[in-house]
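Subject: Structure handover

Hello,

Here is the structure I promised to pass on. Please open it and keep it beside you as you read. My notes follow below.

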Amino acid sequence: MNKIFVNQVGFMPDSKKKAVLNFKAEEFQVIDANEESVLKGEATHFGTDEISGEDTYIADFSQIKNQGMYKILAGDVSSASFFVGENAFDKLMKDVCKCFYYLRCGHGLDKKYAGKYYHEPCHVSKATVYGEDVPPVDVCGGWHDAGDFGRYSTAGAVAVAHLLYAVRFFPKLLDIEFDIPKVSCEKGVLPDILAEVKVELDFLMKMQREDGSVWHKVTTFNHAPFIMPEDDKEELFLFNVSSLATADIAAVFALAYTVYRLVDKDYADTLLNRSLKAYKWLEDHSEAVLFKNADGSNTGEYPENEDYSNRFWAAASLYEATGKKKYYEDALRQKPFIEEYDKGDAFKEYTGNIFSCLGWADVAGLGVLSLILQDDESALYSFAKASMIEEANRLVENAALNGFGLCMKKENFIWGSNMELLKYLMVLTVANILEPNDKFVNTIASGIDYLLGCNSMDVSYVTGNGEKAFKNPHLRPTFAANLKAWPGLVSGGPNTGLQDERAKELPQDTPPMKCYIDHVDCYSLNEITIYWNSPLVFVLAGLLS
């Protein structure tokens, strides 16, 4: 079927603008809200690429700068409509931020702010410490992690980190209001983003034991059926501590200290003390304490094969927060970092790989962000800067390989491919701060275009944003309440793994970009999570700053 793929949300006036056609057309037109043609042009033939399977033609309409609604027309084929204007992403940003509120666990949602997505208090009972004969523990609060009701320390820490690094790099994020309950602080009222992040920080503090270690997760023993959160009455379990969770919490509490000290010194000091307590436990337990699910339990495992990237992030974050050289030296000690540093080659073997990773499975890139914020011209800072720029250049090269300008290869279309994309856009955003370059800006724009509809599925992967936005996330509350999903949720996106039963109905030779079904059953293609929304907040904060 002949189609015109375009960002269905919109464009800033001065940004690069393009649509992608999967058919040859003699001419394309840009049509305004009055159905008048305001631009005519010829689409450039790109050819067929391995990620989309489409023979693509590129229609560049960057000349369109006047505010308004538009669509692209070629022959008798029309694109979805889109907006051009300075406020093109304002609604999107507010929606993406407010999703964290809707995912709150514990004392319920206020009808004033949640409307029809209101739910009663949930998961308020104390949690049994699995395998230990100790009293149950109050760990009420935080955010439901994803389409399920679990709460996971490493995943939560990474989502918080994306949001707080966004605040550090782009302080204008503090001005965004998205209609959540106000929270008082020492300096008055917390900005909305800090009020929402505090919900998760308060929960993560409850996940820390007296000795400084951190429980890996709190969930029921197995996933709940598709019911409302308040109807999930099964016993809660706190599962084993891990050095992964402990290091991530040490890191994110130190990062949070650097933000909250400007608005609430007492709260910030508490966070720093908790960070130091976790770090002390890591020092006393130098061997990795990894995590594996208890036999028979099927809730999220969040396994990692090592903890040195987590320890590196903790050390780098505390170095940036305190300025103490000890933490700088600790960062250098983390294997394999010191091995590469001693070669005097700026960690070349790992640059563009581990040191630019910004997700829960590998957090070294988050440590790099702290080093960039420190900006002390040290060897580690130079390495951090070089690693981001080198990776950004690799991504620009990837983008030239397909007609969509997407900085991904076929092997990147994994479970949560949209997070892979958004992590890449974070890298490009930081690289553009360090060394501004149009090639970074344009690759970011193409990535946002893809997420919002300029893809071979012709789908916006953010609910409620775009004429053809996906509608059926793997999400228990909205399914149980028979409600359309609230706006701003990011879908996991195309995944060549096709791990769930409905996804397996797709032919095995389906091109990577088309390995997607908008169906609630498709947990491997269409689930949502807090850490798929959080990197989009970072990238949008960069675009709007």
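First, a term: buried means under 20% relative accessible area, exposed means over 50%, and partly exposed lies in between, with a 1.4 Å probe and protein chains only. Two points on the source come next. This is a predicted model, so local features need pLDDT of at least 70 and side-chain atom pairs count only at pLDDT 80 or more, while totals for chains, interfaces and linings use all residues. Residues are numbered from 1 along each chain as its sequence is written, and side-chain values use heavy atoms, with hydrogens and water left out.

**Two residues to start with**

Is Lys-233 buried or exposed? Lys-233 counts as exposed, because its relative accessibility is 68%. Helices (H or I, at least four residues) and strands (E, at least two) are DSSP runs, numbered from the N terminus. Lys-233 sits in the loop between S15 and strand S16 (236-241). A polar atom of its side chain lies 3.0 Å from the backbone oxygen of Glu-230. Now look at Cys-122. Lys-233 and Cys-122 are 111 residues apart in sequence, yet 8.3 Å apart in space, C-alpha to C-alpha.

Glu-420 belongs to helix H12. Glu-420 is buried, because its relative accessible area is 15%. Which residues does Glu-420 contact, leaving aside its neighbours within four places in sequence? They are Met-408, Asn-412 and Ile-414. Contact here means heavy atoms within 4.5 Å.

**Pockets**

Pockets and cavities are found on a 1 Å grid over the protein atoms alone. A cavity is a set of points where a 1.4 Å probe fits but cannot get out. A pocket is an open set with protein on both sides within 12 Å along at least five of seven lines. Lining residues have an atom within 4 Å of a point. Grid points are joined across faces, edges and corners, and a volume is the space filled by probe spheres set on the points.

The largest pocket holds about 1,000 Å³ of space. It is lined by 39 residues, and the closest to its centre are Tyr-302, Trp-360, Ala-361, Trp-415 and Tyr-531. Helix H11 (379-399), helix H12 (417-434) and helix H16 (530-543) each give at least two residues to this lining. H12 has the largest share, five residues. By class, the lining splits into 16 nonpolar, 11 polar and 12 charged residues. For these classes, Ala, Val, Leu, Ile, Met, Phe, Trp, Tyr, Cys and Pro count as nonpolar, Asp, Glu, Lys and Arg as charged, and the others, Gly among them, as polar.

The second largest pocket holds about 440 Å³. Of its 23 lining residues, the closest to the centre are Met-12, Ser-15, Val-441, Gly-542 and Leu-543. Strand S2 (10-11), H12, helix H13 (438-451) and H16 each give two or more residues to this lining. Which element gives the most? H13 does, with six residues. The classes here are 11 nonpolar, eight polar and four charged.

**Cavities**

How many cavities of 30 Å³ or more does the structure hold? There are two. The largest cavity has about 80 Å³ of space. Its lining includes Tyr-102, Lys-116, His-119, Met-228 and Trp-486. That lining has nine nonpolar, two polar and one charged residues.

The second largest cavity has a volume of about 70 Å³. Among its lining residues are His-123, Asp-148, Thr-219, Asp-232 and Thr-299. Strand S15 (residues 215-220) supplies the largest share, three residues. The lining divides into four nonpolar, six polar and two charged.

**A sheet**

Four strands form an open sheet in the order S1-S3-S7-S6, with antiparallel pairing. Strand S1 (4-5) and S6 stand at the edges with a single partner strand each, so one side of each has no neighbour in the sheet. Two strands pair if DSSP finds at least two bridges between them. Strand S3 (residues 18-21) and strand S7 (residues 55-60) are joined by four bridges. Four bridges also join strand S6 (residues 44-48) to S7. Find Ile-58 in S7. Ile-58 is the bridge partner of Val-20, and also of Thr-44. The hairpin of S6 and S7 has six residues between the strands, and there Gly-53 takes a positive phi near 70°.

Best wishes

Key:
Polar contact = N/O pair within 3.5 Å; in protein donor to acceptor, adjacent residues only side chain to side chain.
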